[in-house]
Amino acid sequence: MWDRVFSELPAFFGYYNMLFLTKAALATICLSAIGSVTGLISGFGLALVRLTRARWLAPARWLALLLTELFRRVPFLVTLMLVFFISQLSGLDLPLFVVALIAVFLIASAYLAEIIRSGLESVHKNQWDAATAMNFSLFETVRYVIVPQAWRVILPPAFGFFVLFIKDTALASQIGVIELTFAGKVLNNKGFPAALVFGTLLLIYFLISYPLTRFGTHLEARLAKTRHR
Amino acid sequence: MPRLDIVDLKAAYGATPVLDGITLHVGSGEILGLIGPSGSGKSTILRVLVGLLKPASGVVRLDGATIDYASARDVRQMRDRFAIVFQQYNLFQNMTVLDNTTIAPIRIKKRLRADVEEEARRLLSMVGLGDKLAAYPDELSGGQQQRVAIARALALKPEILLLDEITAALDPELVSEVLDAIRVLARDGMTMLIVSHEMGFIREVASKVAFMAGGKVVEIGTPKQIFDAPQEVRTREFVSKILRH
């Protein structure tokens with residue numbers, strides 16, 4: 001097997017294959033990065049909505065709960081197909097990459113909303129009491145008191161999720177988006193040895209996720225140094 | 001000059017009633033001591049006053065004006081005049097001693113940072129913590145944290161100070177340092193409601209004492225009346241039990 005791998009090396013690492021793999025890697029990076037960033041923002045919004053108490057915001061709380069629970073329970077693939085068919089049937093006919101983007105956004109929002117909510121709720125209730133009694137609004141309390149203490153609880157599972165998410169975006173290949181895993185299958189089908197193709201994929205996935213993990217550790221050290229008993 | 005009237009106040013935690021028709025009057029410069037067994041509703045009164053628990057019925061008047069606890073505006077205005085110190089100190093764990101003391105006056109009351117910090121330094125020195133400005137709460141002892149909490153409450157320039165069992169979580173040897181800080185305020189004529197199990201202290205600083213049991217005020221009078229000549233059986237039992245040890 002190894003002599004075949006070696007003999008195919010020059011052809012495999014040819015210009016067009018590399019271009020193909022680079023594009024596919026960029027698709028994977030874009031899907032995960034855009035999904036994670038937009039998901040982080042909307043997840044934060046969803047978590048905040050669920051912290052409100054005002055009666056007139058009850059429908060918003062209900063909606064936030066529904067979205068969070070729904071997209072955490074439905075498999076990624078089903079969400080992807082759902083967005084895909086809605087796009088087809090509604091006549092919008094969005095590009096496949098946009099369909100995949102919407103799906104990763106929905107999934108990331110739901111998961112991150114839950115991670116952020118549990119982080120916010122981990123801060124002791126007496127911190128809320130003190131802030132409320134001193135006339136802090138909900139948002140002032142969250143901004144000055146709760147979030148600075150919640151980071152340390154939010155960051156580790158959030159970065160764990162980001163790393164899982166990079167791999168999960170492989171499912172976008174099911175609707176025909178050419179990302180890393182899909183590109184690997186194509187090259188494998190062209191006759192390149194599986195060990196070579198998927199070995200290369202493994203390396204690329206690692207190269208994408210390792211710096212992310214390092215960045216997470218760095219952020220934890222910086223942001224989460226908040227003192228807490 | 002603040003005057004606080006509480007009339008027939010009722011409140012419940014869910015289905016459990018905790019305050020069953022409380023009537024209390026606190027005049028300007030008066031110090032009302034609230035005593036009674038655990039679960040009698042003493043702390044709940046303070047929580048209701050600052051709007052951490054919505055009253056079920058009854059009236060709270062500040063200088064004759066009724067506070068509508070359903071109105072966000074009323075609650076904001078009321079909280080501007082009260083400050084509360086909690087049993088568990090409730091210092092913000094993510095902030096230094098100085099930031100804990102200055103954040104609300106600067107961010108919420110929008111006072112000038114320089115003025116607020118100067119005032120905070122003065123208050124923190126007054127409670128004996130002038131050298132701990134940059135420390136975080138978890139680097140301090142319970143007594144020190146509670147003194148920070150007192151300085152933080154005073155930095156709000158409250159008209160009425162509410163103290164919720166502020167020595168209950170402290171080791172015995174730390175109690176006096178906290179009570180000393182309150183004695184200074186009492187001398188300066190601060191209007192206060194003090195929930196406490198420190199009977200000697202209540203007797204010393206309070207102008208009036210209310211004995212509570214089962215969500216009701218059983219008896220109210222001067223410290224001398226309550227501690228030396230209680231009229232009600234339950235007060236007598238409580239006081240004799242407390243004073244025996």
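Chain A averages a pLDDT of 91, and 97% of its residues score at least 70. This is a predicted model. Confidence in chain A is lowest in helix 1 (residues 2-12), at a mean of 83. It is highest in helix 6 (residues 125-133) of chain A, at 96. Where pLDDT is low, the predicted coordinates should not be read in detail.

**Chain A as a whole**

Chain A has nine helices and zero strands. Along the sequence its pattern reads α-α-α-α-α-α-α-α-α. The C-alpha trace of chain A spans about 75 × 45 × 25 Å along its principal axes. Of the 229 residues of chain A, 33% count as buried. Take the contacts in chain A between residues at least 6 apart in sequence: 77% of them join residues at least 24 apart.

Two packed helices are described by the angle between their axes and the distance between the axes.

Helix 4 (residues 76-89) of chain A and helix 5 (residues 96-121) of chain A have axes that come within 9 Å and cross at roughly 135°. Helix 4 of chain A is therefore oblique to helix 5 of chain A. The crossing of helix 4 of chain A with helix 5 of chain A is right-handed. From helix 4 of chain A, the contact uses A:Phe76, A:Thr79, A:Leu80, A:Val83, A:Phe84 and A:Ser87. Helix 5 of chain A answers with A:Val99, A:Ala100, A:Ile102, A:Ala103, A:Leu106 and A:Ile107. By class, the residues of this contact between helix 4 and helix 5 of chain A are 10 nonpolar, two polar and no charged. An α-helix has 3.6 residues a turn, so residues three or four places apart point the same way.

Helix 6 of chain A and helix 7 (residues 138-168) of chain A pack at an angle of about 135°, and their axes are 10 Å apart. Helix 6 of chain A is therefore oblique to helix 7 of chain A. Their crossing is right-handed. Helix 6 of chain A contributes A:Gln127, A:Trp128, A:Ala131 and A:Thr132 to the contact. Helix 7 of chain A contributes A:Thr141, A:Val145 and A:Ile146. The contact of helix 6 with helix 7 of chain A has four nonpolar, three polar and no charged residues.

**Helix 6 of chain A and its cover**

A:Ala130, A:Ala131 and A:Ala133 are buried in helix 6 of chain A. What covers the buried residues of this helix 6 of chain A? The cover includes helix 7 of chain A, together with helix 2 and strand 6 of chain B. Just after helix 6 of chain A comes A:Asn135, with a positive phi of about 75°.

**Where the chains meet**

In all, 19 residues of chain B are in contact with 18 residues of chain A. Helix 2 (72-79) and helix 3 (97-108) of chain B each supply at least two residues of the side of chain B that touches chain A. Helix 3 of chain B gives the largest share of that side, four residues. By class, the side of chain B that touches chain A has 10 nonpolar, four polar and five charged residues.

B:Arg79 lies in helix 2 of chain B. Apart from residues up to four places away in sequence, B:Arg79 touches A:Ala133, A:Asn135, B:Val50 and B:Gly51. The C-alpha atoms of B:Arg79 and B:Ser28 are separated by 17 Å, and the two residues are 51 apart along the chain. Is B:Arg79 buried or exposed? B:Arg79 is buried, because 22 other C-beta atoms lie within 10 Å.

Most residues other than glycine have a negative phi, and most peptide bonds are trans.

Technical notes. Residues are numbered from 1 along each chain as its sequence is written. Chains are lettered from A and ligands numbered from 1 in the order in which they are written. This is a predicted model: local features need pLDDT of at least 70, side-chain atom pairs count only at pLDDT 80 or more; totals for chains, interfaces and linings use all residues. Two residues are in contact if their C-beta atoms, placed from the backbone, lie within 7 Å. Ala, Val, Leu, Ile, Met, Phe, Trp, Tyr, Cys and Pro count as nonpolar, Asp, Glu, Lys and Arg as charged, and the others, Gly among them, as polar. A residue is buried if 20 or more other C-beta atoms lie within 10 Å of its own, exposed if 12 or fewer, and partly exposed in between; C-beta atoms are placed from the backbone. pLDDT is the predictor's confidence in each residue, from 0 to 100. Axes are lines fitted to C-alpha atoms, for helices over the stretch in contact, and angles run from 0 to 180 degrees between N-to-C directions. Angles under 35 degrees count as roughly parallel, over 145 as roughly antiparallel, 65 to 115 as roughly perpendicular and the rest as oblique. A crossing is left-handed if the near helix is turned anticlockwise from the far one by less than a right angle, and right-handed if clockwise.
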